[in-house]
Amino acid sequence: MRIAFLGYGEMGAAVLAGIAAEHEPTVVVTHPARFGDLHEPHVAKLATELGLPVVEARDAGDAQVVAALRAARPDVLMSANWRTVIPEAVLAIPALLPLNVHDALLPGYAGFGAVNWAIRNGERETGLTVHVMEPELDTGPVLWQVTVPIGPQDTATTVQRRLLDAYPEAALTALARAEAGIKPVPQHAGGASFYHRITEADTRIDWRLPTARVLDLVRAHSDPFVNAWCTVAGAKLYVKRAARPSRPHRGSPGRVVRRTDGGVAVVCGRSWEAGSDGVVLLVVQPENGSPLPAADVLRPGNRLE
């Protein structure tokens, strides 16, 4: 099939590579490498290596994008990690369907930062959904889904890698179903949710949360994402690795209690609640500094906020 592709970053490149192996990409549209705070030239680099025509734009409604897509006469418009809203006029261009690969099991976790939010919320699975694009983000009928587990020790880094490995096959399976005339299924109403973009303010640790919630936050914001953070003596401190302590440490949330278990124990949650056992910070990073063992940075009596 003739495929017009819109995508960005490593996720976009993974899908484009899969498509190029079995179909005919007629045009590739991607964001400029330095888009927002990102620097991800993966799609443009791969398209150039494959000898495919490339159009760079911030928005899919740009005149040059619309003209290129119409000239490409695609059977399917495929989107993967395209980061701005695609206008309805563009969605109407393909002969068959406009499809998007979303990094969650829709209708849950529509919107942004799906992997991070899922881990923050203690989910035990996530996945990919290939769905028909509609004017409202992440709402269209589902053509194919893939489930990916989230283990208790997984981080956003490990889950993202698992998803990256699943992207090409998910896209190709959906395209095969579209070519066979299989009808997409409307998203069910139950469990629908939409999440906003995560900012650095959203990753600040609230030490009043229970142990599991604090650890999930740290796991959800592993490198290369903005790490979970707090302040000590007014200075920002990023938390790169943390664990549950071998014995409970309780008292005032945010108090560094002692060195233990290869790091420093910090009180979290409310001391009378079951499961509020504190956390052990293992690796931290001062703002504008390098990652260090937490025991080299913090001492008993420090107050984290």
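Residues are numbered from 1 along each chain as its sequence is written. In this predicted model, local features need pLDDT of at least 70, side-chain atom pairs count only at pLDDT 80 or more, totals for chains, interfaces and linings use all residues, and side-chain values use heavy atoms, with hydrogens and water left out.

Student: Why is D277 called buried?

Tutor: Buried means under 20% relative accessible area, exposed over 50%, partly exposed in between (1.4 Å probe, protein chains only). D277 has 15% relative accessibility, so D277 counts as buried.

Student: What makes D277 and R244 a polar contact?

Tutor: A polar contact is a pair of N or O atoms within 3.5 Å; within protein, one must be able to donate a hydrogen and the other to accept it, and residues adjacent in sequence count only if both atoms are side-chain atoms. The side chains of D277 and R244 make such a contact at 3.4 Å.

Student: Why is the pair of F112 and F194 called edge-to-face?

Tutor: Rings of Phe, Tyr and Trp (its six-membered ring) pair if their centres lie within 6.5 Å; planes under 30 degrees apart count as stacked, over 60 as edge-to-face and the rest as tilted. Here the centres are 6.1 Å apart and the planes are at 90°, so F112 and F194 are edge-to-face.

Student: What is the accessibility class of F112?

Tutor: F112 has a relative accessible area of 24%, so F112 is partly exposed.

Student: How do you know that the charged end of K236 sits over the ring of W229?

Tutor: The rule asks for NZ of Lys or CZ of Arg within 6 Å of the ring centre and within 35 degrees of the ring normal. The charged end of K236 sits over the W229 ring, 4.4 Å from its centre.
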